[in-house]
Amino acid sequence: METAATGVPSRLARFASGLRAYARRALDVALPPLCPACRDLVTDRGVCPSCWSKLAFIAPPYCPRLGIPFVYDPGPGILSMQAIADPPAYQRARAAVRYDDVARQLAHAFKYSDRLDLAPMIGRWMARAGHELLDGADALVPVPLHWRRLWARRFNQSAALAESVARESGVAVAHHALKRVKATAQQVGLSRKDRAANVQGAFRVPPDAKAEVAGRRLVLIDDVLTSGATSDACARALLHAGAAQVDVLVFARVVDAGKGPI
Ligand SMILES: [Zn+2]
């Protein structure tokens with residue numbers, strides 16, 4: 001009796017696990033891996049060779065402050081015009097790639113199409129691009145979503161990227177260091193000035209997170225940096241709560257072709 005009684009659940013468990021394995025195989029046949037950018041078939045879960053060749057990875061020389069690539073090397077320590085004319089609250093920004101067609105499709109697939117499987121790959125690229133920032137950093141702070149948007153989208157893409165960067169770098173994620181206290185309109189389509197106004201006062205360090213922030217060197221994590229208004233508002237809130245330094249690491253940044261180096 002006893003054997004039969006214990007045998008039933010184990011047979012059931014075997015059946016259930018067999019069913020799950022079958023469902024996984026069926027899903028692989030039904031949904032073969034697609035390039036997240038152009039949706040061509042790929043042999044493994046990644047970017048196809050054609051899209052890979054179009055991704056513009058950012059490498060030196062770039063502005064040591066903003067990470068904006070320079071066309072030629074102006075020498076060590078020379079800042080871009082933007083960094084001098086309009087210095088941000090954060091110390092340094094770095095991005096893995098330029099925000100162009102392929103990067104936009106990747107960021108979009110990651111954010112809206114539940115391609116969370118892209119996080120490890122993007123996190124690796126970010127960790128490489130941000131190694132100077134991650135060396136000596138105390139914690140990673142993902143740019144938070146307002147709870148209503150988080151509820152609608154079910155996950156925060158910045159938090160998922162922060163987890164991947166944490167795995168690569170060993171720097172821990174302070175998930176609750178920053179809170180979005182204002183539901184802001186989407187930044188898409190807004191002017192630079194309106195973007196800054198839109199996110200002003202939108203972020204705050206909750207009282208119980210002050211200890212995670214005060215006196216610490218933090219790296220803010222986001223998917224895309226456009227005008228830098230969101231990162232700037234986050235950095236202001238963290239510095240206001242006593243952060244020693246705030247740097248910014250993103251997957252992709254907009255590089256204004258019209259604005260050359262110095
Ligand atoms: Zn592709």
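Analyst: Let's begin with helix H11, which gives the most to the lining of the largest pocket, with 6 residues. Please keep in mind that this is a predicted model. The largest pocket has a volume of about 840 Å³, and 34 residues line it. Nearest its centre lie Arg192, Ser227, Gly228, Ala229 and Asp232. To find the elements around this pocket, look for helix H9 (192-199), strand E4 (203-204) and helix H11 (229-240), the ones that give two or more residues to its lining. Sorted by class, the lining of the largest pocket holds 17 nonpolar, 7 polar and 10 charged residues.

With a relative accessibility of 0%, cysteine 234 counts as buried, because buried means under 20%. As for disulfides, the structure holds 0 of them.

From here we can move on to the second largest pocket, which contains about 630 Å³ of space. Its lining is made up of 32 residues, and those nearest its centre are Lys111, Gln187, Asp223, Val224 and Thr226. H9 and H11 come back here: each supplies at least two residues of this lining, as do helix H4 (101-112), helix H7 (147-153), helix H8 (157-169) and strand E5 (217-225). This time H4 gives the most, with 5 residues. The class counts for the second largest pocket are 12 nonpolar, 12 polar and 8 charged residues.

Arginine 154 has a phi near 75 degrees, a positive value in a residue other than glycine. Its relative accessibility is 63%, so arginine 154 counts as exposed.

Searching the whole structure turns up 1 cavity of 30 Å³ or more, and about 30 Å³ of space lies in the largest cavity. The residues that line the largest cavity are Leu133, Ala137, Arg217, Leu218, Val219, Gln245 and Asp247. E5 gives the most to this lining, with 3 residues, and both E5 and strand E6 (245-253) supply at least two. By class, the cavity lining has 4 nonpolar, 1 polar and 2 charged residues.

Next comes a pair of helices. Helix H6 covers residues 131-134, and histidine 131 belongs to it. Histidine 131 counts as partly exposed because its relative accessibility is 46%. In sequence, histidine 131 and serine 169 are 38 residues apart, while their C-alpha atoms are 8.1 Å apart in space. Helix H5 (residues 119-129) is mostly covered, with 8 of its 11 residues buried. The buried residues of H5 are Ala119, Met121, Ile122, Gly123, Trp125, Met126, Ala127 and Ala129.

Now for the zinc ion. Its protein donors are the SG atoms of Cys35, Cys38, Cys48 and Cys51, lying 2.3 Å from the zinc ion. Along the chain, these donors follow the spacing C-x2-C-x9-C-x2-C. Cysteine 35 and cysteine 48, 13 residues apart, link distant parts of the chain, and both are in the loop between helix H1 (2-30) and helix H2 (49-54). The angles among the 4 donor atoms run from 105 to 115 degrees, and the site is tetrahedral. For comparison, the ideal angle for four tetrahedral donors is 109.5 degrees. Cysteine 35 counts as buried because its relative accessibility is 0%. Cysteine 48 counts as buried too, since its relative accessibility is 6%.

Arginine 39 is also in the loop between H1 and H2. Its relative accessible area is 54%, so arginine 39 is exposed. The phi of arginine 39 is near 65 degrees, a positive value in a residue other than glycine.

Proline 60 and proline 61 are joined by a cis peptide bond, with omega about 5 degrees. To find proline 61, look in the loop between H2 and helix H3 (81-85).

Notes. Residues numbered from 1 in each chain as written. Predicted model: local features only at pLDDT ≥ 70, side-chain atom pairs only at ≥ 80, totals over all residues. Heavy atoms only, no water. Helix = DSSP H or I, 4+ residues; strand = E, 2+ residues; numbered from the N terminus. Buried < 20%, exposed > 50% of the residue type's maximum accessible area, 1.4 Å probe, protein only. Donors = N, O, S within 2.8 Å, 3.2 Å for Na, K, Ca; no water. Tetrahedral: all angles 85-135°; square planar, octahedral: opposite > 155°, others 65-115°. 1 Å grid on protein atoms, 1.4 Å probe; cavity = no way out; pocket = protein on both sides within 12 Å on 5 of 7 lines; lining within 4 Å. Points joined across faces, edges and corners; volume = space filled by probe spheres on them. Nonpolar A, V, L, I, M, F, W, Y, C, P; charged D, E, K, R; others polar. Disulfide = S-S within 2.5 Å.
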